[in-house]
Amino acid sequence: MLLRLEPRGEASRAMIWLTPVLSILLTLTFGAILFAALGFDPLRALAAYFIRPVSTLYGLGELALKATPLAMIGVGLALGFRANVWNIGAEGQFTMGAICGGGVALIFHDTEGFWVLPLMALAGIAGGMAYGAIPALLRTRFNANEILTSLMLTYVATLFLSYLVHGPWRDPKGLNFPETRMFNASAQLPGLLDGTRFNLGAIVALLVVAAGWLLLARGFIGYQIKVVGQAPKAAAFAGFDQNRIVWFSFLVGGGLAGLAGLIEVAGAIGQLHPRISPGYGFTAIIVAFLGRLHPVGILAAALMIALSYLGGEAAQIEMRLPLAITGVFQGVLLFFLLGTDVLIRYRVRFGRPATSRGG
Amino acid sequence: MTRFPGLRHLVAGAAAMAVVAAAAGGVQAADKVKAAFVYVGPVNDNGWTSRHDAGRQEMEKALGDKAEKSAFVENVPEGADAERVIQQLALSGHNLIFTTSFGFMNPTQKVAQRFPNVMFEHATGFKREINMSTYNARFYEGRAVAGLLAGHMTKTKVIGYIGSFPIPEVVQGIDATTIALRKVAPDAIVKVIWVNTWVDPGKEADAAKALIDQGADVIMQHTDSSAPCQVAQERGVWCVGQASDQTRFAPKAHLTAIVDEWGSYYIKRAKAVLDGTWKSEDVWGGMKDGFLSLAPFNPAIPADVRAKADQAVADIKAGKLLPFAGPIKNQAGAEVVKAGESIPDDKLAGLDWYVEGVQGQLPK
């Protein structure tokens, strides 16, 4: 018997929604075998991974906290990716947003006021946008490859942050350690649930998802993005301005990444230091594609990826599972999520192809 | 309307809880220690984290059935994630939690305020609570011995120093090395390259190569990978390892290494939890307290030099040799510490200037 893949005439709509479920089932099966082979109770390990982290209110708050930057950045990036605009530098735009928004908090560190947070948010968005504008300008003006320019600017932003916290913005009472002072209360996002770290940022992320969905489903610019991405020639005939799409993608993507950066430092961290992001800007690229570049899908993907991080920690704490195993498990999850995509465009057939027999 | 409790309320609540705990005497003798460790790197990094993990294992062994199997979480990012990991460890019944990187300071403090009955130990920081201690090692004591060895072994009179971040701990190492070096070789200089990372074999190797190209024939590192020693071995110069004994990576080049030793401290603190004598402290331990040791000296070092180094170790332990004893001149040549004086601990804790003999500007 032979297993072969036969192209479908068109992408299967059922499979678009079924494959994530299938991949999770495959991951669970594989995970159970892996854990059992290593001598861990597979059911307990899977429970520690997927259920324990979200079995308390605190855990749910943590899930929201971790998914917030991923979803916000992912939605912004997806707009560009749909139009074949490749912003790989969200990590840098995130950092710039944190710097600009955090800078406002530092300037007003001895001032209390309801207006501090909104001002920080605006500065964060502006910082991310301005940083996204650089690759947009280089692409539209000099036709420089935005993948390279946006990626490399990430390192510039990280080093700039490092310079600031080692130097001019260093906490005067911090014994020269590279960190700023803690933001004061009116420069920190209010918590929304006692005993958790669930804050306003999660609500903002939901609004961003909704706005992204509206824009793609109903907005004219959303329509232009889709046409430019799927049929660039048709877009040119229709008179859609390619450069405008590039600018739009980078400004929106950069602005959202910047806002996510501000939310991270004004929310969970409460200060600036050199390691504010464990790579959210890069993980969000995976999140955007896992979510099929659809805002609602991205929200689901962000929650899934966030859960896999929380689960990895919980498995280490409860099961003494080594970090390497949790890393393998996360890799397997991604592998199945992306690998089963083949079923959208192909169907699996058993047996030999029914071609005409040669004489 | 939804209630917006805000951070101020949370902090106030936590502070109130801490006060209540203090009044109630917070610390009680525990039947068993259930310790947990938060690591910034993987346990097999052959450096910082693997040394803490070695300490954890020594602690488990020494306590026997008085200790439940300890938990550890590797590769914990120093951003928003750290607080969750520490909180989960406190929630899951651990009563002694070690957080082993500077970046865990504020998250540890936040969680410590919420769990007055759990004892916290933060390595290398400076914020304390009634249930949160800080501990660190006087790594510079080892550097003073390394500087002495370098002074005897260098021919080019140029020492290459790979710095991680320009924080006081690293500056102490550079200055202590230079002071000891120039007691032996008064015209020797130290060149520093900052790599802005604790571990990155590629960057560390590049820095080592650049320093050797500038004439350095002893490579020192305040980073954790074995790359600088491997480059030194290839290029036929000396090196001094960091965090763990790196002899096996560069048997010819490796003069010695400053080895972190956390086991005795971890045992002591776990026992204090068992006895109910645990108190919040600021511990800065040196060689005499067993917080650090020197890896075996390379047999290629002449016997008389090895004897001098051994003597220096003994003198530092006995308090007869102070690595920051005056006279010390700054880079401008002005005497900033007089003979007979020494830089006190509170000044060392914020050290941000180079002594004479270090080349270049300290990034600020």
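Between which helix and which strand of chain B does the loop with B:Pro327 lie? In this predicted model, B:Pro327 sits in the loop that runs between helix H10 (303-318) and strand E13 (328-329) of chain B.

**Chain A**

Chain A contains 14 helices and two strands. Its radius of gyration is 23 Å, close to the 21 Å given by the globule rule for 359 residues, so chain A is as compact as a globular protein of that length. Along the principal axes, the C-alpha atoms of chain A fill a box of roughly 90 × 60 × 30 Å. Buried residues make up 48% of the 359 in chain A. Of the chain A contacts between residues at least 6 apart in sequence, 79% join residues at least 24 apart.

One helix pair of this chain can be described in detail. Helix H4 (residues 90-107) and helix H5 (residues 116-142) of chain A have axes that come within 7 Å and cross at roughly 145 degrees. The crossing of H4(A) with H5(A) is right-handed. On the H4(A) side the contact includes A:Gly92, A:Met96, A:Gly97, A:Gly101 and A:Val104, and on the H5(A) side it includes A:Leu119, A:Ala123, A:Gly124, A:Gly127 and A:Tyr131. Sorted by class, this contact has 14 nonpolar, nine polar and no charged residues.

**Sheets of chain B**

An open sheet of six strands in chain B has the order E2-E1-E3-E4-E5-E11, with parallel pairing. At its edges stand strand E2 (71-73) and strand E11 (282-285) of chain B; each has a single partner strand, so one side of each is left without a neighbour in the sheet. On average, neighbouring strands of this sheet are turned by 15 degrees against each other, direction ignored. Strand E5 (residues 132-137) of chain B runs parallel to E11(B) and is joined to it by four bridges. Within this pair, B:Tyr135 has B:Val283 of E11(B) as its bridge partner.

A second open sheet of chain B has seven strands in the order E12-E10-E9-E8-E6-E7-E15, and its pairing is mixed. Strand E12 (292-294) and strand E15 (358-359) of chain B are the edge strands, each pairing on one side only. Strand E10 (residues 254-260) of chain B pairs with E12(B) in the antiparallel sense over three bridges. In that pairing, B:Ile258 stands opposite B:Leu294 of E12(B).

| Helix of chain B | Strands touched | Angle between directions |
|---|---|---|
| H5 (residues 139-153) | E6, E8, E9, E10 and E12 of chain B | about 175 degrees with E10(B) |
| H8 (residues 227-235) | E6, E8, E9 and E10 of chain B | about 165 degrees with E9(B) |
| H9 (residues 263-275) | E1, E3, E4, E5 and E11 of chain B | about 150 degrees with E3(B) |

**Contact between the chains**

Between the chains, 37 residues of chain B are in contact with 31 residues of chain A. Helix H1 (6-24), E2 and helix H3 (81-91) of chain B each supply at least two residues to the side of chain B that touches chain A. H3(B) gives the most to that side, with six residues. By class, this side of chain B has 19 nonpolar, ten polar and eight charged residues.

B:Glu74 is found in the loop between E2 and H3 of chain B. Is B:Glu74 buried or exposed? B:Glu74 is buried, because 23 other C-beta atoms lie within 10 Å and the cut-off for a buried residue is 20 or more. Not counting residues up to four places away in sequence, B:Glu74 touches A:Leu323, B:Tyr39, B:Pro42 and B:Val43. B:Tyr39 is 35 residues from B:Glu74 in sequence, while their C-alpha atoms are 4.8 Å apart in space.

**Positive phi values**

A:Leu293, a residue other than glycine, has a positive phi near 60 degrees. A:Leu293 is placed in the loop between helix H11 (280-290) and helix H12 (295-319) of chain A, and it counts as buried with 20 C-beta neighbours inside 10 Å.

B:Lys157 is not a glycine either, and its phi is positive at about 60 degrees. The loop between H5 and E6 of chain B holds B:Lys157. With 18 C-beta neighbours inside 10 Å, B:Lys157 counts as partly exposed.

Definitions and conventions
Residues are numbered from 1 along each chain as its sequence is written. Chains are lettered from A and ligands numbered from 1 in the order in which they are written. This is a predicted model: local features need pLDDT of at least 70, side-chain atom pairs count only at pLDDT 80 or more; totals for chains, interfaces and linings use all residues. The radius of gyration is taken over C-alpha atoms; the globule rule is 2.2 Å times the number of residues to the power 0.38. A residue is buried if 20 or more other C-beta atoms lie within 10 Å of its own, exposed if 12 or fewer, and partly exposed in between; C-beta atoms are placed from the backbone. Two residues are in contact if their C-beta atoms, placed from the backbone, lie within 7 Å. Two strands pair if DSSP finds at least two bridges between them. Axes are lines fitted to C-alpha atoms, for helices over the stretch in contact, and angles run from 0 to 180 degrees between N-to-C directions. Ala, Val, Leu, Ile, Met, Phe, Trp, Tyr, Cys and Pro count as nonpolar, Asp, Glu, Lys and Arg as charged, and the others, Gly among them, as polar. A crossing is left-handed if the near helix is turned anticlockwise from the far one by less than a right angle, and right-handed if clockwise.
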